[in-house]
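This briefing goes through selected features of one structure, topic by topic. Please keep the sequence and the 3D view open while reading.

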Amino acid sequence: MTHPPPPARSWVDTALLDTLGGLRDRVVLWITAKGFAVAIALLVSLVGKRRMSHDNGIAARGMVTILDNPALPRHEFFRAGRTLPCRIRHATATFLDDAVRGIRSMSVKFSDHHLRSPFDMQMNTGAVSLFWSAASFLQFARMRKEKWGVEYHDYYRKYPSGLAGAEEAIRENPKSFHDLRYYCKTPFRFTGEDNIKRYAKYRVRPYDDQPETGINHHPDPTDVANQRVPRHDPRGRNYLKYEYEDRVGKEGAKYLMQIQLRTAAADDDPEIFNNMKTWNEDLHPWHDLAVIDIRETLDWKESCRTTFSIRNMPKTLGVLPAKSVYDYNSLNYMRAHSGLAHRARLLNYALFGYPPKIPDNDNRNYSDWEKPPRIINRSYPSTLK
Amino acid sequence: MQSDNPTGKRVILEVDNPVVDPRDVCAECLNRTKIRYPDGGNFFTPRLRSINHLEVGRSKIISSPVTIIVEYVVLLYQRTVEGVRRLLRQLFPRHPRIRGRNFSGASFVGRTTYAGRYDHGKPIHHLPVDIWARTWWGSWRHLASGVSGKDGTFRLPYDLREARSWAVRRIRAEVSQISFVYDQRDQPRPVHSVAESIHVPKKELTGMEYNLRDIQIGLWAYRRDTPIPRTYINDHDHDAPERYVQGRTDALQDQIIPIELTKLKHLAQLATAPESLSIPQIQADYPLNLTTCIENTLPPELKGYTRGDEFFGARMMNGMNAASFRPDPDHPHHYWMLYWGYQGYDHNDVFAFPTTEIKYSIRPGNHTPLPVEIIFTGALDAYHRDPWQQRRFRPGDGARWTYAKRVARSVGGLVAEVDDHFAHTHTNTEQYALAAFRNLRLNPVNWLMQPHLREVSLVDHTADRILVSQRHGYIPRASALTGLGIQQRVEDTMGVLDWKGREPMRVINDAHTYAKAENLFWNITREYVEEFFERNLEAIAEHWYEIYRMSEDMVNHSVRVFRSRIDLDRLDARERKMMEKRITYFESRYSFDPTLPRRTVNGELKILSPITESETFLDAQPGVLQNLKDWCVYVIHTATFMHTWVNEHQYEDIGEVLYSCLGLRFGEGPDGVLAPESDYRIAPDPVRATQMMWWSNLLSRTEYGFITRNEDRDVNPRFGEMLKAHEEEFRSYGVIVDDIEARTNI
């Protein structure tokens, strides 16, 4: 499809209109990000004691060592041989049930503190995402409409890219959190010691590169919205967390963190920031960046407390600026503005206690704690006895 | 509708040394029976709502003054609304230019598919899809445009910022059908009519792909309740895939109201005092037709010409029947003509419908055929029902020869209506229209064919109800054939109608003006098609896929070959002989070539030959282009000339109840239908008589949409010019060029 060239405008008109339009777009973006963060903080975190989606997880601690990789431009933060304590957290998105068909995540924090850190990274399974901008994410949230383990049905119907992202990212009955691949998807800034501006994407894979499990190679597009636990599935609600505890207890868990770089240019196509499109790996190969060696899992409370934020980054590695809610970088912009929600949740923990552990019972496909007796401190009756 | 023709429209009489030249009488009658309604009526003249409200019984006309006033107010309101809409369209025109600067990050995707239970999910290719935004102040912004692909899918890039602009109030996606209007010769202008419109919530546009999903459109579906390829129309006013143009309805209203009122008066009179109305009185209440006019005009010594041998032969050769003559192998200058009667079709026991074979003497030169023998096979009275009984009549048989000719005319009338009119021109054209409308869009053949294929599905749907159906139709009540019998007969007739190998009728002698006119029209049509292909060959080849899809639809939905359903080995000798004769005559009349390769689908040998079996022109076999040209010539010829001929001559040949009708009743007499016209017991009863006059007037007098007049500007003016260039030659064959319809719509 070709389109006729737009009517010629003088550069003054263009500059004026673009400036005014750009200003308006940035205001809308700021209001959207702040408003969303406030809404989540008040309605989900403070009142509901919830993260936005990844409540069902397990945290662990260990050490991260930056590798000496001459293919990478030198960067003051990623100095070769640097070793830092770290925390990670694996989670299953949305549902309080490990056996559902769902997206799994891994967040990394280059410190052993539950909140503060010089570098945090949040990643999910799948090389592409289910949404691509702030506007898209808001639609994604609006169209969740979860019921009995089925969600995003309308969203997938209207957004084929979202459906493709789900097919790519959802894992069904993986053997372990450890053997999955996790991608940050939306690029970040990377300005090395050579002062050349670059964009970076991160991913984590098992150090021994064992094959990934849980991939559905022939997904049924009409059934992607159905994330329910298959009937007669023997796996329990916490099987992944238990497996991970066992694994770390026996042999530890070792990961390789990789980075993909591309040099910025003034005439870059905005599509390079699109998290629905992977970069060409022949032109922009993955480079080994760091080894994450996990030695101890954390208990439920510490897992709840451990919080990640992509604001925790050096300036040279931070979030790329976004111009509007349709800008692909607006997604990270919104993530970076979610600190208020984190603090609200931690405040709730401090005032009213932690949420109960997820019980090993047959109430499957839940994305919320069952029958909460109180709004403020949701708890599970059987766990109170 | 007929037009002025001072030289006489048809040469029909040949009388030695007449006191009054019958040709002058004929010319005068043709002029007098011309249709004219100079008075358009006054405000309270009854009106017809639309062709969809016609009934053989009581059509839904508006006659009450109160209703007329209310209807006028409603009409006024509708016109006001339409006027406001027209004003808004002028104030806020839709500029085709696509708005926006960045089309890389967002697109609408979806698929156009057929709606309905059976075609569900089947893609519709090459449908135009447009995305329009409406601003808060009413103006239109064109956001995206394109056409669906072969698999029905489309992807329309758009500028996200333009779509999400604060100025935009709402957005909609429109899927259109394309028709064409000729503002200039050879340069059609596409006109889009919205087939489906979908509201797109503006806030849901977030970039990347927005899925409009399967857009299900109720376009041109095949009926599944009949083996004949017919268009699915449940309700004329709601789910028909096309609409009559307003001019068609207006033409109908102008012509039919006086006829309708006459019929209503007769029906009311027959309901209250049936003895007060006779068939001659019914006849007298309707406008004169050719035969009544001639009989009224001729001097007493020439009365009865219309029942004479010359007139009989002339009408059979050049009238509505336009019969085919097969040479008698044993006698030079002798020919046979056949009308197939019951032949196992579902029928009633009230009307006679014997198989009729007529032998003519046809001399070379300008001589009309003279019947020399008529053979009936089948029952002629209520007491002898043996279907194989045979009766022969010759001119020396006196009055019985006259009776036999009347029976032959009536059998011929029914055969012409069912075989030649309904099956050959209506349903035959409809099967091509259906395949073409389902598949032709971007291919220039669409411009060529569309004006000739419009409205046939609509009028066939009406014909199903008012003429064919057992419950409401006229023919099952006024002839031997039941509704089922008509369906069977139409299927069999279509079983010999193939576009491939079709040739116009061979000219027998100089008096055979029908065949001459048909050949002339055929040749002009071929020339017109050749010219069109020369100009548009590249685009035709580029969009060959549409031709392939059309051919596939056409072939796969066509009826089985007539002869393939007959197992001659299971017939006894008598049946076999008759069937072989029938197959031979049938296939000869419609130029059917049984040796052509044909496709078998679901165990049925399909009648229609494929145009092409390749999706692309480059892969196609040699000869496919010629196939396509032949197909175009055949379909245009059938939809225009062939239909015009049989349709406009109806009122001449079955416009007098006692001269010819669709069925003579057996009556109670020992001779059955072999009785004089004064025996009304064998004629149609008065209700059927007035209904027959009504519909023969309806069909012949309400034509609309002519090639040269080009009322809707949808026919390439070049075609009209080519016909006009041969106007005098056509006139010499009794054909008025301006009266040839561009489409089959009545």
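Two residues are said to be in contact if their C-beta atoms, placed from the backbone, lie within 7 Å. The model is a predicted one, and by this rule the contact between its chains A and B takes 18 residues from chain A and 19 residues from chain B.

**The side of chain B that touches chain A**

- Two strands of chain B, β6 (153-157) and β9 (208-217), each supply at least two residues of the side that touches chain A.
- Of the elements on this side of chain B, β9(B) gives the most, with five residues.
- Sorted by class, the residues on the side of chain B that touches chain A are eight nonpolar, six polar and five charged.

**Domains of chain B**

- The domain assignment divides chain B into domain 1 (46-90 + 237-269), domain 2 (106-230) and domain 3 (407-739).
- Taken over C-alpha atoms, the centres of domain 1 and domain 2 of chain B are separated by 32 Å.

**The sheet of three strands**

- Strands of a sheet pair through backbone hydrogen bonds, either parallel or antiparallel.
- In chain B, three strands form an open sheet in the order β6-β3-β9, and the pairing in this sheet is mixed.
- Because β6 and β9 of chain B stand at the edges and each has a single partner strand, one side of each is left without a neighbour in the sheet.
- On average, and with direction ignored, neighbouring strands of this sheet are turned by 20° against each other.
- Strand β3 (residues 106-114) of chain B runs parallel to β9(B), and eight bridges join the two; within β9(B), B:N211 is the bridge partner of B:V109.

**The sheet of four strands**

- Another open sheet of chain B has four strands in the order β5-β4-β7-β8, and here the pairing is antiparallel.
- The edge strands of this sheet are β5 (140-147) and β8 (187-200) of chain B, each of which pairs on one side only.
- Neighbouring strands of this sheet are turned by 30° against each other on average, direction ignored.
- Seven bridges join the antiparallel strands β4 (residues 128-135) and β7 (residues 168-184) of chain B, and in β7(B) the bridge partner of B:D130 is B:E174.

**Helices α9 and α16 of chain B**

- Helix α9 (residues 445-453) and helix α16 (residues 624-648) of chain B pack at an angle of about 20°, with their axes 9 Å apart.
- Since angles under 35 degrees count as roughly parallel, α9(B) is therefore roughly parallel to α16(B).
- Among the residues that meet here are B:L448 and B:M449 in α9(B), and B:V635 and B:I636 in α16(B).
- By class, this contact of α9(B) with α16(B) has nine nonpolar, two polar and no charged residues.

**Helices α8 and α10 of chain B**

- Helix α8 (residues 399-439) and helix α10 (residues 456-468) of chain B pack at an angle of about 135°, with their axes 9 Å apart.
- The helices α8(B) and α10(B) are therefore oblique to each other, and their crossing is left-handed.
- The residues that make this contact include B:F422 and B:E430 of α8(B), together with B:V456 and B:D460 of α10(B).
- By class, the contact of α8(B) with α10(B) has five nonpolar, four polar and two charged residues.

Definitions and conventions:
Residues are numbered from 1 along each chain as its sequence is written. Chains are lettered from A and ligands numbered from 1 in the order in which they are written. This is a predicted model: local features need pLDDT of at least 70, side-chain atom pairs count only at pLDDT 80 or more; totals for chains, interfaces and linings use all residues. Domain bounds come from an automatic or database domain assignment. Two strands pair if DSSP finds at least two bridges between them. Axes are lines fitted to C-alpha atoms, for helices over the stretch in contact, and angles run from 0 to 180 degrees between N-to-C directions. Angles under 35 degrees count as roughly parallel, over 145 as roughly antiparallel, 65 to 115 as roughly perpendicular and the rest as oblique. Ala, Val, Leu, Ile, Met, Phe, Trp, Tyr, Cys and Pro count as nonpolar, Asp, Glu, Lys and Arg as charged, and the others, Gly among them, as polar. A crossing is left-handed if the near helix is turned anticlockwise from the far one by less than a right angle, and right-handed if clockwise.
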